Amino acid sequence: MKRYKDLSPSPRIILTPGPVEVDPRVSRALSYPMLGQFDPEFTALMNETMQMLRELFRTSNRWAFPVDGTSRSGLEAVLTGLIEPGDRVLVPIFGRFGYLLAEIAERCGAEVVTIETEWGTVFDPGEVIDAIDRLKPDLIAIVHGETSTGRMQPLEAIGRACRERELLLIVDAVATIGGVPVETDAWQLDAVIGGTQKCLSVPSGMSPITYNDRVEAKLMRRKRIEKGIQPDGYIEKDPSLFIRSNYLDLTQLQDYWSPQRLNHHTEATAMLYGLREGLRLVLEEGLEERFARHRLHERALVAGLEAMGLTRYGDDSCKMPVVTCVCIPSNVDGEAVRSQLLADFGIEIASSFGPLKGQIWRIGTMGYSCRKSNILLGLAALEAVLPLHGASIVPGAAISAALVIYAEGAKPDA
Ligand SMILES: Cc1ncc(COP(=O)(O)O)c(C=O)c1O
């Protein structure tokens, strides 16, 4: 007797800030035949993936590889590797994922100091630099694109200030990598953590990271303490300074990703195929072209929402181009609208966290999900559903407003 039905997930239009739809080429790559993790054919794919990641992160760092696990694994690997117990870590917080950085840092034994700014805004870089000078942290961890509020923190001046003060800057670019510029070298970011399931349109399960020599030097110093060996002789081992994870120990991971291929974990080979194909798609499209595509669809979405009479949440000057936050009209049950969009149209938009729960919807325009048909269908569905839930919107205006943007975007000089 057949107890469980065949797996047959419903087709969806995913307009959330992740996970988003996967390009069919990535899905295909995920199903390719297995290779052993030390098969030269596979290790050649690993090397190619590292090179593709350098291009994605815009860096000449030696180290650029995926950590197996969701984006949190990349965050934990970097923070666990860099934070020694008692280190003072500054986390500027402008949304939910700032709290995640603070929580991980605390678990690593850091003395966490935070500064916070109102949700829906970001920091003036000067505020962060003042906090650095006042609080004298050992390192700084900050989110680039805060999906909970849809805001993006400018990083260039903060990167410069950290470099001048010889402080390490760690950046969560989980939601921005592949959708908007992340300039690892030009902005002087020491370690950057990306995500697969957002603008790269690869399923969740790997976290691409990159870090520079300054980070590696700190990791290796801890490694030497663990081994009890220094360049000039033996030192006493100090267990309190060991990297507190085996799975996420970057010194071991980099040995595995180096030509030595020192055995560590069993690589998630199918995920690597998927990531490599996702990166190939990004680089084939071209980073600048991809950023422009994300901008165009964001503009079309925003024009449609505005034409409907909906209000956007947050400060537009720091809006993430890949997430649009919409205020739920006061008389409308946001969850009921989301449920109907899913049930009747197969369209998913996101709710929100903490103080914004029930206040805003978050609409993602990321990766393969970010395309004209999805935007138009999303707008049409919202326009149809909202009046049924008591919202008074301007009927019949959204699609034409979006189409005007697409027509402008199609002009050669647009
Ligand atoms: C900005 C940001 N950082 C970190 C994460 C955590 O990523 P994951 O759920 O893949 O571990 C997310 C996930 O939504 C995110 O949006």
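Contact means heavy atoms within 4.5 Å. This is a predicted model, in which local features need pLDDT of at least 70 and side-chain atom pairs count only at pLDDT 80 or more, while totals for chains, interfaces and linings use all residues. Residues are numbered from 1 along each chain as its sequence is written, and side-chain values use heavy atoms, with hydrogens and water left out. Helices (H or I, at least four residues) and strands (E, at least two) are DSSP runs, numbered from the N terminus.

**Helix H9**

- Helix H9 covers residues 269-285, and its 17 residues reach 24 Å from first to last C-alpha, close to the 24 Å expected (1.5 Å times one less than the number of residues).
- Twelve of the 17 residues of H9 are buried, so the helix is largely enclosed by the rest of the structure (buried: under 20% relative accessible area, 1.4 Å probe, protein chains only).
- Among the buried residues are Thr 269, Met 271, Tyr 273, Arg 276 and Glu 277.
- The cover over the buried residues of H9 includes helices H1 (24-30), H2 (40-57), H8 (250-257) and H10 (287-308), together with strands E2 (63-68) and E10 (206-211).

- An open sheet of seven strands runs in the order E2-E10-E9-E8-E5-E3-E4, with mixed pairing (two strands pair if DSSP finds at least two bridges between them).
- E2 and strand E4 (111-116) are the edge strands, each pairing on one side only.
- Strand E9 (residues 191-193) pairs with E10 in the antiparallel sense over three bridges.
- Ala 191 stands opposite Tyr 211 in E10.

Notes
Buried means under 20% relative accessible area, exposed over 50%, partly exposed in between (1.4 Å probe, protein chains only).
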